[in-house]
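Good morning, and thank you for coming.

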Amino acid sequence: MAQKKHYKRKKTDKKPIHYLYVSLLLIVVLFCWSGLWSLFESKSGDVLPSVEGVLKDRKKDSDAKNNEVLEREKTGLELPAALVGNPEMILVREAYTSSYNIETLCPNYVAWHLTAERIEGSAVRKNVFRGDDDIPEKHRVETSDYARSGYDRGHMCPAGDCKSSDGMMAESFLMTNICPQGHNLNAGDWKELEEQCREWASSYGEIFIVCGPIFDSERPKTIGKRKGHKVSVPDRFFKVVLMMGRVPKAIGFVYPNEDTNLDIRDYAVSVDEVERMTGIDFYPSLPDDIESEIESECKPGAWGI
C-alpha cells in the first residue's frame, strides 16, 4: 500500500506542472496575437486602401484610356471617304494626303491636320516647285507646264502650314499639291483664308482641313503646251474646316477662280453645300449624329469671323 500511495502522489505532482506549461503557452499566444492585431490596425491604412482611393485610381485609368481612344480617333479624321466617279491616286505625305486625278492633272482634294506646332516651326520657304516622282511620267505635271499660262502655281496645302520640318516644306511644293489659280485670288482672298486657318489652329490647338478645285464644266479650260499634259483650270475652289473639342463645329468656303475682293464671310457655306458641289463625303469618321449636325450649319460668328 505504501508503494501505491507513493505512486499516486507522484502522479498528482505532475498535474500542476502540466497546467503551468499550458498556461504559459496560452499567455504567449495571447500576447503575440495582441501585438499582431495592434500592428495590423496601425498599418491597415497602408495595407487596405480606401474604397475612395480605389475608385479614384480606376477613374484615372479610365480617363487615360478614354484620352487614348480620342487621340486614335483623331488619326485620319481629315480624310474624306473614297471618291465615286472620279479617278484618284492617294498620295500619303508627312504634311498632307493628296488625292490626285490623272485626268485633270490636279488634286481632287488635299487634306491635312493643322496643329499649332506646324505653324510655329522654323522651316524656311524656298519656292522650289517640282514634279512628283510618285506619279507616272505620262500623268506627271512639271512646273514648266504653268509657264506663261497666266495662272499661279496655287498651293492647296500652303507652305505656311508646313513649317515643322524641311521635308514638310518641300512636300508643299510638289505639283500634286498645286492647281492653276488666278494671281489676285492666290495673293488676295485665298491667302486671307489660309491666314485665318492658321489663326484658328493657333487658338484651338488643331483643326482638320480639306481643300481642292471645283470644275463646273466637263471640258474645262486647260494650260500646258506638252502633248498629253494639259492641266485643267478650276472654276472654283473649296475649303472645309473642322474643329473638334467640347462642342465640335465645321464650316465651308467656296471661292471663284477669278479676281475678287470680298469679306471672308461672303464665301462661307455649310459643309453639306460643299459636298453637294463636289460629290465628296467629308469627315466620314465622325459619329453620324455629330457629322449630320455640324455639316448642315454655316455659322461664321461661331468662328469669330
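Arg-236 counts as partly exposed because its relative accessibility is 24%; buried means under 20% relative accessible area, exposed over 50%, and partly exposed in between, with a 1.4 Å probe and protein chains only. This is a predicted model, in which local features need pLDDT of at least 70 and side-chain atom pairs count only at pLDDT 80 or more, while totals for chains, interfaces and linings use all residues. Residues are numbered from 1 along each chain as its sequence is written, and side-chain values use heavy atoms, with hydrogens and water left out.

The side chain of Arg-236 meets that of Asp-216 in a salt bridge, at 2.8 Å from N to O. A salt bridge here is a side-chain nitrogen of Lys or Arg within 4 Å of a carboxyl oxygen of Asp or Glu. Asp-216 lies in the loop between strand S6 (206–214) and S7, and Arg-236 in strand S9, so the pair ties together parts 20 residues apart in sequence. Helices (H or I, at least four residues) and strands (E, at least two) are DSSP runs, numbered from the N terminus.

The structure holds eight salt bridges. In another of these, the closest N and O atoms of Asp-161 and Arg-198 are 2.8 Å apart. Asp-161 sits in the loop between S4 and helix H4 (166–171) and Arg-198 in helix H6, so this pair joins parts 37 residues apart in sequence. Both Asp-161 and Arg-198 are buried.

Let us turn to helix H6. Its buried residues include Trp-190, Leu-193 and Trp-200. Glu-192 is also found in H6 (residues 189–204), and counts as partly exposed because its relative accessibility is 42%.
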